[in-house]
Amino acid sequence: GQAVFRSNLSHLLELMGSGKESLIFMKKRTKRFAIQWALAAQRLEQKLGGVRRDQKQILVHIGFLTEESGDVFSPRVLKGGPLGEMVQWADILAALYVLGHGLRITVSLKELQSNLGVPPGRGNCPLTMPLPFDLIYTDYHGLQQMKQHMGLSFRKYRCRIRVIDTFGTEPAYNHEEYATLHGYRTNWGYWNLNPKQFMTMFPHTPDNSFMGFVSEELNETEKQLIKDGKASNMAVVYGKEASIWKGKEKFLSILNKYMEIHGTVYYESQRPPEVPAFVKNHGLLPQPEFQQLLRKAKLFIGFGFPYEGPAPLEAIANGCVFLQSRFSPPHSSLNHEFFRGKPTSREVFSQHPYAENFIGKPHVWTVDYNNSEEFEAAIQAIMTTQVDPYLPYEYTCEGMLERIHAYIQHQDFCAAPGPAPPGARAPQSPFILAPNTTHLEWAHNASLAPGAWPPAYSLRAWLAAAGRACTDACLDHGLICEPSFFPFLNSQDAFQKLQVPCDGIESEMNHLYPAFAQPGQECFLQKEPLLFSCAGSSTKYRRLCPCRDFRKGQVALCQDCL
Ligand code: UDP
């Protein structure tokens with residue numbers, strides 16, 4: 001059938017069940033956003049102008065909330081534990097529901113089995129059975145549970161799975177054989193999914209799909225009220241756990257010279273010893289009260305942890321300036337405990353790279369905290385800077401609905417693989433060297449790959465400088481790397497048209513290919529489509545990089561992607 005936008009969320013709230021503290025938190029959030037979701041649905045419906053949308057049957061299995069995976073999060077909801085994941089799951093559920101799809105939600109192994117049709121007591125069902133869902137959203141815990149309990153069906157249906165994966169999974173870690181051979185060892189990874197099946201909290205790498213979450217959107221009247229009500233000398237410290245305050249006395253005392261410092265650190269009976277007496281600690285606040293605090297504050301200040309959470313976006317949306325520390329050297333799975341074992345080598349250059357790179361000044365200040373003068377100067381400057389509340393479109397309800405709608409309409413990982421591997425296809429690629437430039441474009445008279453998404457004519461391809469990743473090479477041109485275009489580029493012809501002087505050409509498994517190796521002047525093609533990767537660089541190679549444009553405030557979608 002056809003999907004019809006929904007504006008009443010009461011049935012969703014029933015579907016979400018009850019009991020666990022995490023579910024209670026999520027349901028409160030969903031209720032609080034109900035009006036915003038309804039408005040966003042109206043606007044998107046108008047924007048799409050009656051385009052036909054198929055109704056999908058969707059299972060959402062939230063693995064980390066199952067007892068079987070330990071459910072360490074639920075008991076910490078009221079004690080300062082992480083809430084970002086619950087924020088995101090609540091918003092995913094709301095978006096799928098508002099878009100009008102058929103929804104089942106499971107938070108235990110038993111419910112999962114009964115929805116998948118696995119007979120109870122059959123730990124590992126060897127038979128393939130028909131799967132009553134078009135799509136399954138889960139996380140790494142849930143993926144493991146499905147693999148264990150779906151038998152052979154898992155292989156058959158894994159293309160229908162979407163994995164909500166906060167920090168992202170790079171292709172080199174995803175490909176089992178390659179990761180094992182080349183030491184991309186992790187606690188996760190190794191699933192051989194299409195990397196776009198992993199969906200992240202922020203647009204970390206275009207190799208994955210950006211899922212995101214939402215923050216409250218204010219109308220003009222509310223924005224003006226907030227601006228008028230700001231206390232220019234009030235700061236709120238980012239973080240619910242006392243441990244983040246450890247060793248920060250120096251910064252706190254500098255900050256205290258200028259501003260009244262507020263905290264929302266969880267405590268049981270007494271003030272946590274890490275939090276100095278001059279700080280006004282509110283304890284962990286319910287989300288709406290936390291928003292109220294942000295509305296009054298001028299500054300939201302991060303001390304390096306937690307990484308990449310929702311709170312800075314909420315602060316900026318409520319008119320705060322976010323001040324955070326630059327990480328030099330950058331943090332990553334190679335040098336920091338928190339990222340160790342995560343399936344990515346992404347380097348994190350500040351506490352919140354999205355805030356730094358996608359928002360920036362005047363809303364976001366990223367400074368070197370080792371330099372007290374720089375730190376102090378930033379605080380002084382921030383106190384006299386006027387900023388408006390700001391929320392990037394991709395984090396509004398409408399933006400999230402638009403993105404998920406596009407994914408559901410266009411992403412199909414079950415379809416037969418795209419272009420054949422190199423060698424097997426026509427020698428001419430459909431590109432031309434753009435006049436007076438160094439990049440390739442789709443030739444106007446070339447036929448388009450039917451159904452390809454994003455549409456292939458938005459492709460622009462460059463040979464990156466040695467040592468440069470495709471993610472960065474594309475950004476240099478104001479574009480974004482688009483991994484689904486790699487197969488079009490993976491040919492001798494593409495190198496030729498770019499006038500790359502290949503002495504020889506070879507096809508191998510390497511997540512940096514296609515690339516030109518300078519010593520030896522050799523050109524390399526990619527042998528394994530799962531290894532096409534925007535991330536990754538080596539000074540040995542100049543990578544061949546596919547880029548595309550993107551919508552303002554919606555980096556996941558190209559101009560013609562809706
Ligand atoms: N939050 C809250 N009460 C507080 C402080 C924060 O409810 O006292 C919420 C905040 O609104 C945000 C969520 O906690 O949506 C997660 O924030 P954070 O960025 O700290 O990420 P986490 O580390 O919890 O995943």
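This is a predicted model: local features need pLDDT of at least 70, side-chain atom pairs count only at pLDDT 80 or more; totals for chains, interfaces and linings use all residues.
A polar contact here is a pair of N or O atoms within 3.5 Å; within protein, one must be able to donate a hydrogen and the other to accept it, and residues adjacent in sequence count only if both atoms are side-chain atoms. With that in hand, I went to the ligand.

**Entry 1: ligand.** I found a backbone N or O atom of Pro310 3.2 Å from an oxygen atom of the ligand. A backbone N or O atom of Ala311 sits 2.9 Å from a ligand oxygen atom. From a side chain, I noted an N or O atom of Gln287 at 2.8 Å from an oxygen atom of the ligand. I then listed the surroundings: 16 residues, the closest being Leu83, Tyr238, Lys240, Leu285 and Glu314, where near means a heavy atom within 4 Å of the molecule.

**Entry 2: ground rules.** Residues are numbered from 1 along each chain as its sequence is written, and side-chain values use heavy atoms, with hydrogens and water left out.

**Entry 3: cavity.** How many cavities of 30 Å³ or more does the structure hold? I got 1. A cavity is a set of points, on a 1 Å grid over the protein atoms alone, where a 1.4 Å probe fits but cannot get out, and lining residues have an atom within 4 Å of a point. Points are joined across faces, edges and corners, and volume is the space filled by probe spheres set on them. The largest cavity comes to about 30 Å³. I read its lining as Arg29, Arg32, Phe33, Ser215, Glu216, Gln291 and Glu314. Glu314 is also on my list of the residues closest to the ligand.

**Entry 4: His262.** I placed His262 in strand S8 (residues 260-263); strands are DSSP runs of E, at least two residues, and helices runs of H or I, at least four, numbered from the N terminus. His262 is buried at 4% relative accessible area (buried is under 20%, exposed over 50%, partly exposed in between, with a 1.4 Å probe and protein chains only). Its side chain makes a polar contact of 2.8 Å with that of His282. Beyond four places in sequence, His262 touches residues including Met234, Val237, Lys280 and Leu293, contact being heavy atoms within 4.5 Å.

**Entry 5: Cys474.** This one is in helix H17 (residues 470-476). I logged Cys474 as buried because its relative accessibility is 0%. Apart from neighbours within four places, Cys474 contacts Leu479, Ile480, Cys481, Cys545, Pro546 and Cys547.

**Entry 6: Asn510.** I found Asn510 in the loop between strands S18 (504-508) and S19 (515-517). A polar atom of the Asn510 side chain is 2.9 Å from the backbone nitrogen of Leu512. Asn510 is buried at 13%.

Entry 7: Most residues other than glycine have a negative phi, and most peptide bonds are trans. I flagged a cis peptide bond between Ser328 and Pro329, omega about 5°, with Pro329 in strand S11 (residues 321-331). Lys361 and Pro362 are also joined by a cis bond, omega about 5°. For positive phi, I noted Asp71 near 35° and Gln521 near 55°. Buried or partly exposed: which is Gln521? I have Gln521 as partly exposed, at 30%, whereas Asp71 is buried at 6%.

Definitions and conventions: On a 1 Å grid over the protein atoms alone, a cavity is a set of points where a 1.4 Å probe fits but cannot get out, and a pocket is an open set with protein on both sides within 12 Å along at least five of seven lines; lining residues have an atom within 4 Å of a point.
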